[in-house]
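Hi,

Here is the structure I promised to pass on. Have a look at it first, and then read on for what turned up.

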Amino acid sequence: MSLNTALLKQQVFVDGAWLDADSGETLDVHNPATGEKIGTIPFCGRPETARAIAAAEAALPAWRALTAEARAGYMHALCDAIMEDIDDLAVLLTTEMGKPVAEAKGEIALGVKYIRFFAEEGKRIYGDTIPSPWADRRILVTKEPVGVVGSITPWNFPNSMIARKLGAALAAGCTMVMKPAEFTPYSALIYGIMAEKANIPAGVVNIVTGDAPAIGEEMCENPVLRKITFTGSTRVGKLLAGNAGRNMKKISMELGGNAPFIVFDDADLDRAVEGAIASKFRNSGQTCVCANRLYVHAGVYDAFAEKLKTAMQAQLKVGNGLEGSTTQGPLINAAAVDKVEDHVKDALAKGGELISGGHRPDGAGTFFEPTLITGATPDMKVAHEETFGPLAALFKFETEEEAIQLANDTEYGLATYFYTQDLGRSFRVMEKLQYGLVGVNEGVITTEVAPFGGFKDSGIGNEGSKYGLDDYLNVKYSCIGGLGL
Ligand code: NAP
């Protein structure tokens with residue numbers, strides 16, 4: 001599998017043109033599996049971002065004036081262009097991000113599903129007529145695009161995190177300025193290539209790379225931009241939300257998690273193991289919805305640990321994501337490996353027992369072995385911090401109340417999972433868990449047709465589904481009087 005360099009755009013995309021940074025400065029981008037340099041990207045700052053926002057402003061009136069059907073036409077053409085090159089785009093994504101190429105292809109296909117869903121959902125942006133308290137007036141409620149949107153996205157899903165935002169924004173009639181993560185810019189810049197192929201008018205989609213704090217400040221402070229949509233860490237999310245709030249901009253925040261995964265004593269253990277493997281180790285543990293704390297009832301603790309160890313050792317293979325048999329690619333960088341190693345050492349120092357993995361393999365690249373630790377306790381780092389890596393830590397509990405209390409004992413509230421075959425318990429536990437996403441007997445639940453969003457410090461707003469479109473719309477009430485009725 002070789003890289004198609006025609007898809008490796010090393011410039012930013014503003015107002016339909018490919019440009020360098022004003023200063024000519026660049027950042028290097030590396031392959032985490034080999035450490036090799038892939039290419040460079042422009043190191044842009046506030047002036048380039050301001051020009052991208054101006055281009056999006058200029059493109060807005062014509063884009064919002066199109067019918068939903070016409071916008072859907074452009075969006076489907078964008079998706080067709082992506083699907084035409086999906087194999088090459090998957091190789092590009094794996095080269096810069098590391099995940100196995102089959103997962104990369106799945107991510108891109110899911111991104112396309114989001115865009116196609118929103119293209120059609122845009123045709124269903126309904127308003128209301130409200131019974132009027134005045135005999136001679138009528139009340140109309142309509143929805144309008146919020147305007148120019150700024151998006152900032154992370155490296156762990158460098159294609160689909162953008163698709164969820166871009167699809168909703170374009171369908172709503174908004175134009176966009178996007179800033180991808182510095183580690184994975186090329187999977188974002190392909191949206192410029194594909195927008196050109198789909199003949200999307202210049203200025204509707206703009207992409208800048210470079211100085212993240214400067215670009216974020218321009219987005220938050222530029223009066224033209226009306227909404228910021230961010231996916232990333234809670235730390236940066238709070239910073240952006242504060243600045244956007246001071247400038248009265250709408251926000252959508254998809255932030256960090258610390259997902260509990262609960263196995264009750266009446267669970268189907270094989271199904272729970274299958275769910276744990278998918279939820280914990282997909283993307284080498286680098287998803288915001290990854291199981292981080294596995295709570296297992298004392299009655300099935302040893303059996304579950306044994307089955308999970310067997311499944312991990314049989315199914316998980318560490319390696320370069322471009323090699324067919326790999327299920328576990330590298331972590332994004334050396335700091336990510338350091339964090340997993342720190343969580344492992346901390347857990348072992350506090351009484352945890354290492355059952356499987358636990359080390360960095362020899363050789364190049366930022367890899368870490370899939371790791372299983374039993375005897376986890378609430379004082380360990382893994383209990384409080386998102387590890388964002390391939391560490392499964394098993395905690396023991398005795399009662400349903402205790403499991404719920406432990407699961408909710410965090411400032412995060414993104415995703416949670418639990419396994420039980422008792423219908424009453426399913427509803428009881430589901431209703432008490434303070435999380436935006438709940439998997440009951442399921443370890444992977446993301447779909448474009450359902451809302452995706454966190455409670456508490458995990459964010460504000462939703463992506464996907466009709467709720468995800470609402471976040472890009474303003475509600476307008478018009479009172480029509482003087483009707484002479
Ligand atoms: P991050 O450090 O917050 O970075 C995310 C994005 O923010 C990147 O584009 C980054 O740019 C940019 N950024 C960093 N500092 C900034 C600043 N001061 N102003 C404006 N932008 C700034 O997060 P990450 O480590 O890349 O991503 C992992 C986190 O994302 C995890 O916590 C994970 O749970 C969360 N996540 C959440 C969801 C969700 O849907 N809830 C989905 C995926 C990931 P540079 O790369 O250029 O620094």
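Let's start at the ligand: one of its oxygen atoms is 3.3 Å from a polar backbone atom of Gly232. Before going further, keep in mind that this is a predicted model.

Around the ligand there are 30 residues, and Thr153, Trp155, Ser233, Leu255 and Glu386 come nearest. A polar side-chain atom of Lys179 lies 3.0 Å from an oxygen atom of the ligand, and for Arg164 the distance from an N or O atom in the side chain to a ligand oxygen is 3.5 Å.

The chain gets from S7 to S8 by way of helix H5 (residues 160-172), in a right-handed β-α-β crossover. S7 and S8 (residues 175-179) run parallel and are joined by five bridges. S7 also has five bridges to strand S10 (residues 225-231), again running parallel, and there Val148 stands opposite Leu225.

How enclosed is S7 (residues 148-152)? Five of its five residues are buried, so the strand is largely enclosed by the rest of the structure. Val148, Gly150 and Ile152 point one way while Val149 and Ser151 point the other way, and all are buried.

S19 runs parallel to strand S18 (residues 415-419), with four bridges between them, and Ala415 stands opposite Leu437. Together with helix H14 (residues 423-432), S18 and S19 make a right-handed β-α-β unit.

Now the aromatics. The structure holds nine aromatic pairs. In one of them, the rings of Trp63 and Tyr74 have centres 5.6 Å apart and planes at 45°, so this pair is tilted. Trp63 belongs to helix H1 (residues 46-65) and Tyr74 to helix H2 (residues 68-84), so the pair ties together parts that are eleven residues apart in sequence. Trp63 counts as buried, at 1% relative accessibility, while Tyr74 is partly exposed, with a relative accessible area of 26%. Elsewhere, Phe261, Tyr417 and Tyr419 form one aromatic cluster.

The charged end of Arg137 sits over the ring of Trp134, 3.9 Å from its centre, and Lys227 lies over the face of Tyr472, at 4.6 Å from the ring centre.

Most residues other than glycine have a negative phi, but Asn199 has a positive value, near 60°, and Ser284 has one near 55°. Where are they? Asn199 is in the loop between helix H6 (186-197) and strand S9 (205-207), and Ser284 is in the loop between helix H9 (269-281) and strand S13 (291-297). Are they buried or exposed? Asn199 is exposed, with a relative accessible area of 59%, whereas Ser284 is buried, with a value of 3%.

Over to you!

Definitions and conventions:
Residues numbered from 1 in each chain as written. Predicted model: local features only at pLDDT ≥ 70, side-chain atom pairs only at ≥ 80, totals over all residues. Heavy atoms only, no water. Phe/Tyr/Trp six-rings, centres within 6.5 Å; stacked < 30°, edge-to-face > 60°. Helix = DSSP H or I, 4+ residues; strand = E, 2+ residues; numbered from the N terminus. Buried < 20%, exposed > 50% of the residue type's maximum accessible area, 1.4 Å probe, protein only. Lys NZ or Arg CZ within 6 Å of the ring centre and 35° of its normal. Pairing = 2+ DSSP bridges. Right-handed = clockwise from strand over helix to strand, strands pointing away. Near = heavy atom within 4 Å. Polar contact = N/O pair within 3.5 Å; in protein donor to acceptor, adjacent residues only side chain to side chain.
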